[in-house]
Number of protein chains: 2
Amino acid sequence: MSLTKPTDFTIGILGGGQLAKMTAIEARKLGLNVVCLDPHENAPASMVSYHIVGSVNDKEKLHKLNALSNVITYEIEHINTDILKEALPQDKVFPSIQVLETLQDKYKQRTFFQKFNIPMPKFKEVKSLQDLKDCIPCVQKAKVGGYDGRGVVVLKKEEDLEKAIKEPSYIEEMVEIEKELAVIVVRNLNKDVKVYPVVEMVFNPDGNLLDYLISPADIDEFTSKEAQDIAITAVESLNGVGVFGVELFLDKKGRVLLNEVAPRTHNSGHYTIEACETSQFEQLVRVLTNLPLGSTYQYLQASTVNLLGEFGYKGKPIYENLDKVLSIDGVYVHIYGKRETFPLRKMGHITILDSNRERLLEKTVKVKNLIKVKGEVKI
Amino acid sequence: MSLTKPTDFTIGILGGGQLAKMTAIEARKLGLNVVCLDPHENAPASMVSYHIVGSVNDKEKLHKLNALSNVITYEIEHINTDILKEALPQDKVFPSIQVLETLQDKYKQRTFFQKFNIPMPKFKEVKSLQDLKDCIPCVQKAKVGGYDGRGVVVLKKEEDLEKAIKEPSYIEEMVEIEKELAVIVVRNLNKDVKVYPVVEMVFNPDGNLLDYLISPADIDEFTSKEAQDIAITAVESLNGVGVFGVELFLDKKGRVLLNEVAPRTHNSGHYTIEACETSQFEQLVRVLTNLPLGSTYQYLQASTVNLLGEFGYKGKPIYENLDKVLSIDGVYVHIYGKRETFPLRKMGHITILDSNRERLLEKTVKVKNLIKVKGEVKI
């Protein structure tokens with residue numbers, strides 16, 4: 001049955017951060033109702049949706065969300081799936097709770113994809129200190145709870161063992177990374193699949209921090225096709241229904257390897273709002289309402305600069321040089337509306353469009369150097 | 001002073017319809033707060049903003065709105081400006097209450113623009129029945145309250161006098177219309193001006209109903225420039241600050257004539273959301289927050305089909321063939337979220353993009369024929 005009464009249809013979202021906010025905006029454009037469940041009073045999505053204040057692990061609040069929703073999705077992965085299974089009807093949740101369970105434990109995720117022969121770095125569970133010693137040089141990763149580079153440690157020599165992760169973890173071969181890539185894949189209940197262009201994540205050589213994302217990636221078309229195919233295969237092997245952010249490595253030997261899959265809209269797909277025929281958020285809404293998937297055609301080359309809280313500040317955020325960046329053509333500022341900043345907190349992002357690659361890069365650097373998220377309190 | 005703390009800044013909007021909703025969405029993207037004042041419990045903008053339920057002519061409610069807002073705008077013109085002047089600080093309202101006053105009375109508007117030598121159809125106030133008799137054939141227009149073709153009567157012969165408007169009115173020469181055009185003009189406190197491409201309003205030959213809008217209009221570049229220049233002159237002569245929808249006629253002699261100016265975002269500018277570098281709604285937000293105006297560059301040709309309630313239905317709206325129209329590439333559906341339909345009520349709009357004019361027209365006709373807004377109750 002296809003949607004004919006959007007004003008009677010409600011999308012429930014576990015979590016009320018920026019991903020929920022941007023999804024809700026697309027849902028609102030179609031006249032749909034949205035309710036989010038988030039513990040923070042001023043969660044970004046609360047601007048544009050009905051907000052239940054509470055934890056995503058609180059059964060009573062989950063019941064309330066369920067009572068209001070025709071369909072439920074989530075924008076975060078750190079949810080207790082046992083509680084979800086008890087509190088929510090499983091056929092109402094997309095991507096399925098089973099998919100979430102497979103993906104939220106990164107080791108489980110690796111073993112799952114291994115069965116489908118998806119190319120990945122070699123990996124092995126850590127059962128003892130000896131396992132770690134034997135593998136050096138290698139990368140150690142926490143099974144759960146990693147996010148934005150946290151939960152990952154590079155072990156190059158014996159002394160690095162001091163900073164080894166104590167929680168359940170696994171080790172991976174040290175991949176000689178040429179580029180880090182990402183692909184958004186959308187898949188619906190009819191098993192239709194749409195894939196977006198490959199994005200390149202450009203890191204600052206000084207630190208391990210993401211500098212900007214650029215789409216399409218600066219890779220040849222065979223590599224691009226290979227990355228998209230791996231991403232699609234990963235989502236299909238999960239029988240995933242929803243929007244998936246797939247991160248990959250291109251190594252120095254030219255191999256494309258799956259890094260990880262997130263069962264949700266993804267930072268690497270934010271550029272699709274302005275640059276593509278259908279955004280990743282609209283696609284999610286289409287999946288959840290059983291409307292046909294949209295074209296992923298990219299109109300113009302795009303980059304994304306994340307707005308992270310500067311070091312040395314907390315408290316109410318101050319966005320410096322908003323006026324200067326908005327005076328540049330083809331610049332789209334997204335401020336999530338978080339009431340407090342702290343170092344490296346994701347406070348917003350800026351998408352930059354241009355038909356010319358060189359100009360796009362120039363504008364990106366200019367924007368990156370201008371915009372600063374400071375705070376009212378120095379720390 | 002330029003905006004640095006969007007989460008501390010609130011835009012107040014008189015009216016909570018679709019124009020307020022689309023403005024609020026752009027404001028939310030920038031992390032701003034929005035409050036609207038509208039008498040309807042489920043007003044479209046209430047989905048994405050804080051909503052004060054009440055009349056825009058209710059002083060107490062206006063005080064409440066004012067207390068919450070850093071700046072105030074309006075999405076409707078039928079507001080009692082005497083009450084506004086008493087209830088609101090005049091320097092906080094954009095466009096100014098004076099501009100609203102000049103424009104909401106169509107006769108006052110005409111006499112104002114006449115002083116600036118802006119080309120218009122010849123017009124004259126109606127003071128007696130004789131005035132009407134003498135002018136036939138002519139067009140009679142109500143001074144206030146006209147909207148979407150209401151408040152306009154064509155008097156071709158003596159018998160038509162039966163349907164003449166009884167309220168205060170004026171008459172206009174019968175212009176032999178070749179095309180109806182519209183232009184969006186944006187102007188800020190620094191007197192910077194941006195103008196969008198000229199849009200053509202295509203009417204159904206069977207009735208007087210707007211069939212679709214297309215941008216850019218199918219006119220030569222001189223006519224286009226003339227229309228834009230007239231629109232800019234009109235807004236500058238008002239010293240207008242805000243977004244203005246300017247409607248014009250191109251007559252069979254090739255004259256471009258001003259029809260009317262609305263001191264707000266306009267149906268003819270909805271296409272800018274998807275087709276232009278900066279949408280009319282984002283421009284309004286930029287004006288209200290004193291951020292620099294954005295580029296009006298149009299990426300792709302666009303058409304807009306309005307979703308009007310079908311004749312014969314009322315009650316809860318049913319949107320037929322949503323799935324079919326969304327399976328066409330480059331189609332963007334906006335459903336305002338009104339809880340009740342009635343014949344000709346504006347329930348939403350659809351923007352269609354294409355780089356090829358012929359394909360754009362084909363898609364437009366296809367969408368127009370597919371989508372229907374029916375209702376749960378037959379009348």
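**How the chains meet, and what holds each together**

Modeller: Start with the contact between the chains: 48 residues of chain B touch 48 residues of chain A. Keep in mind that this is a predicted model.

Colleague: What makes a residue count as in contact here?
Modeller: Contact means heavy atoms within 4.5 Å. By that rule, 48 residues of chain B are in contact with 48 of chain A.

Colleague: How do you know that the copies meet through the same surface?
Modeller: Compare the two lists of interface residues. 100% of those in chain B are also interface residues in chain A, so the surface is the same.

Colleague: How much area do chain B and chain A bury between them?
Modeller: About 4000 Å², with 58% of it on carbon and sulfur atoms. In chain B, the residues that lose the most area to chain A are B:Thr7, B:Lys29 and B:Leu326. Together they account for 15% of what that side buries.

Colleague: Why is the pair A:Lys5 and B:Glu376 called a salt bridge?
Modeller: The rule asks for a side-chain nitrogen of Lys or Arg within 4 Å of a carboxyl oxygen of Asp or Glu. The closest N and O atoms of A:Lys5 and B:Glu376 are 2.6 Å apart. That value is within 4 Å, so the name applies. Across the interface of chain B and chain A, the rule finds 4 salt bridges.

Colleague: How many salt bridges are there over all chains?
Modeller: The search of the whole structure finds 44.

Colleague: Which parts of chain B does the pair B:Glu172 and B:Arg110 link?
Modeller: First the pair itself: their side chains meet in a salt bridge at 2.6 Å, N to O. B:Glu172 sits in strand β8 (residues 169-173) and B:Arg110 in helix α5 (residues 106-115), 62 residues apart. Both B:Glu172 and B:Arg110 are buried.

Colleague: What ties B:Lys368 to B:Asp211?
Modeller: A salt bridge between their side chains, at 3.6 Å, N to O. B:Lys368 lies in helix α11 (residues 357-370) and B:Asp211 in strand β12 (residues 210-215), so the pair ties together parts 157 residues apart in sequence. B:Lys368 is partly exposed at 26%. B:Asp211 counts as buried at 19%.

Colleague: How many disulfides are there over all chains?
Modeller: The search finds 2. One of them joins A:Cys135 and A:Cys138, with sulfur atoms 2.1 Å apart. In chain B, B:Cys135 and B:Cys138 form a disulfide, also with sulfur atoms 2.1 Å apart.

Colleague: Why is the pair B:Cys135 and B:Cys138 called a disulfide?
Modeller: The cut-off is 2.5 Å between cysteine sulfur atoms. The value here is 2.1 Å, so the pair passes. B:Cys135 is buried at 18%, and B:Cys138 is buried at 2%.

Colleague: How do you know that A:Cys36 is in no disulfide?
Modeller: The nearest cysteine sulfur, that of B:Cys36, is 19 Å away. The limit is 2.5 Å, so A:Cys36 has no partner. A:Cys36 counts as buried, at 0% relative accessibility. B:Cys276 is in no disulfide either; the nearest cysteine sulfur, that of A:Cys276, is 18 Å away. At 4%, B:Cys276 is buried.

Colleague: Which domains does the assignment give for chain A?
Modeller: Domain 1 (6-93), domain 2 (122-173) and domain 3 (177-378). The centres of domain 1 and domain 2 of chain A, taken over C-alpha atoms, are 34 Å apart.

Notes
Residues numbered from 1 in each chain as written. Chains lettered and ligands numbered in written order. Predicted model: local features only at pLDDT ≥ 70, side-chain atom pairs only at ≥ 80, totals over all residues. Heavy atoms only, no water. Helix = DSSP H or I, 4+ residues; strand = E, 2+ residues; numbered from the N terminus. Buried < 20%, exposed > 50% of the residue type's maximum accessible area, 1.4 Å probe, protein only. Domains from an automatic or database assignment. Buried area = accessible area lost by both parts, 1.4 Å probe.
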